[in-house]
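Please walk through this chain with the model open beside you. We go from the overall layout to the core, then to single helices, a hairpin and a few loop residues.

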Amino acid sequence: MVWHAGRVELDQHWLSYVHDAFALANAVGPAFAHGKPHLSSPGEAAAVAVPRLPVLTDADARTLDDTGRELWQILRDVAADNAAAAADPVGGGAAAAERLNVLMGRVDARPRMVRNGAAGHWHLHFRSAAGGEGMRWSANLAVAAGMLLGSGDFVRVKGCQAARCERVFLDGTRNRSQQFCSTRCQDRVKASAHRERRRAETGAAS
Ligand SMILES: [Zn+2]
């Protein structure tokens, strides 16, 4: 995978998969989320994170759990490189790209034309010819992550800056100023800064 700064606008179809890839990654990857230990129940996390998934077998759910953990590691790597190279975002990403190549190979992501129903539009999907829904969804989620990371928008991949939160997010703000995964984490940080200030003020007054 070659990293370049050319902006690629993903269409709604692939943006939906990008959204699902982040949701699945955050459902199974972090040890801490929103300030608390994050426990995911194996096999259920995928269905909760991605409501549009079909009904999964246990094996499919396990496959998606594994994919989610890999995606989380990949997105964390990208976020760390982005944070380290804020002035010159081009050039990082080698570890993430290599991991993603391995993942796409493992889930057998190969291009196939598919259509919804006999008269539906043809879509380009990336899915194994064999394998169940877990493999098929894993392939599409991995390719969506690849499309994002291969576009100029890879610089929008970030990790939450709040304490005890390892969630990743896509910063959609115009000037890429988002620091936290959610208003929940933003409020936690504000409240803790407020407590610090009060402690300092009471300390100084006594
Ligand atoms: Zn957070």
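Predicted model: local features only at pLDDT ≥ 70, side-chain atom pairs only at ≥ 80, totals over all residues.

**From core to loops**

Ala145 touches Ala21, Leu71, Ile74 and Leu100, leaving aside residues up to four places away in sequence. Keep that residue in view.

Start with the layout. The chain has 6 helices and 6 strands. Along the sequence they run α-β-β-α-α-α-β-β-α-β-β-α. The C-alpha atoms fill a box of roughly 75 × 40 × 30 Å along the principal axes. Of the 206 residues, 36% are buried. Now take the contacts between residues at least 6 apart in sequence. Of these, 61% join residues at least 24 apart.

In soluble globular proteins, nonpolar side chains tend to be buried together. Here the largest nonpolar core holds 48 residues, and Leu24 and Ala145 have the most contacts inside it. Two or more residues each come from α1 (12-28), α2 (45-49), α3 (58-84), α4 (94-106), α5 (133-149) and β6 (168-170). The largest share, 10 residues, is given by α5.

Look at α1. How far apart are its end C-alpha atoms? They are 25 Å apart. At 1.5 Å a residue, its 17 residues should span 24 Å, so the two values agree. Buried residues of α1 are Tyr17, Asp20, Ala21, Phe22, Leu24, Ala25, Asn26, Ala27 and Val28. Two of these names have come up already: Ala21 is touched by Ala145, and Leu24 is among the residues with the most contacts in the core. The buried residues of α1 pack against β1 (32-33), α2, α3, α5 and β6.

Follow the chain out of α1. Ala31 sits in the loop between α1 and β1. Is Ala31 buried or exposed? Ala31 counts as exposed, because it has 9 C-beta neighbours inside 10 Å; the cut-off for exposed is 12 or fewer. Ala31 still has contacts. It touches Pro37, His38 and Glu166, again leaving aside residues up to four places away in sequence. Thr67 is 36 residues from Ala31 along the chain, and their C-alpha atoms are separated by 16 Å.

Now turn to α4. This helix has 13 residues and reaches 18 Å from its first C-alpha to its last, close to the 18 Å expected at 1.5 Å a residue. Its buried residues are Ala96, Ala97, Leu100 and Leu103. They cover an arc of only 125° around the axis, so they lie on the same side of α4. The spacing fits a general rule. An α-helix has 3.6 residues a turn, so residues three or four places apart point the same way. The buried residues of α4 pack against α3 and α5. One of these contacts is between Leu100 and Ala145. The face of α4 turned away from the buried side carries the exposed residues Ala94 and Gly105.

After α4 comes Asp108, in the loop between α4 and β3. Most residues other than glycine have a negative phi. Asp108 has a positive phi of about 55° although it is not a glycine. Asp108 is partly exposed, because 16 other C-beta atoms lie within 10 Å.

The chain then reaches a hairpin. Strand β3 (residues 111-115) and strand β4 (residues 122-126) pair in the antiparallel sense over 5 bridges. Met113 has Leu124 in β4 as its bridge partner. There are 6 residues between the strands, and Gly117 in this hairpin takes a positive phi near 80°. How many of the 5 residues of β3 are buried? The count is 0, and the strand is hardly covered.

Finish toward the end of the chain. An unreviewed UniProt entry annotates residues 156-198 as "domain: Zinc finger CGNR". Over residues 156-198 the chain is 37% helix and 14% strand. The end C-alpha atoms of this stretch are 34 Å apart. Arg176 lies in the loop between β6 and α6 (183-205). Its phi is near 50°, a positive value in a residue other than glycine. Arg176 is partly exposed, because 14 other C-beta atoms lie within 10 Å.

Key. Residues numbered from 1 in each chain as written. Core = buried A, V, L, I, M, F, W, Y, C linked by C-beta atoms within 7 Å. Buried ≥ 20, exposed ≤ 12 C-beta atoms within 10 Å, placed from the backbone. Helix = DSSP H or I, 4+ residues; strand = E, 2+ residues; numbered from the N terminus. Contact = placed C-beta atoms within 7 Å. UniProt positions renumbered as here; feature names shortened; annotations may be inferred. Expected span 1.5 Å × (residues − 1). Pairing = 2+ DSSP bridges. Arc of directions from axis to C-beta.
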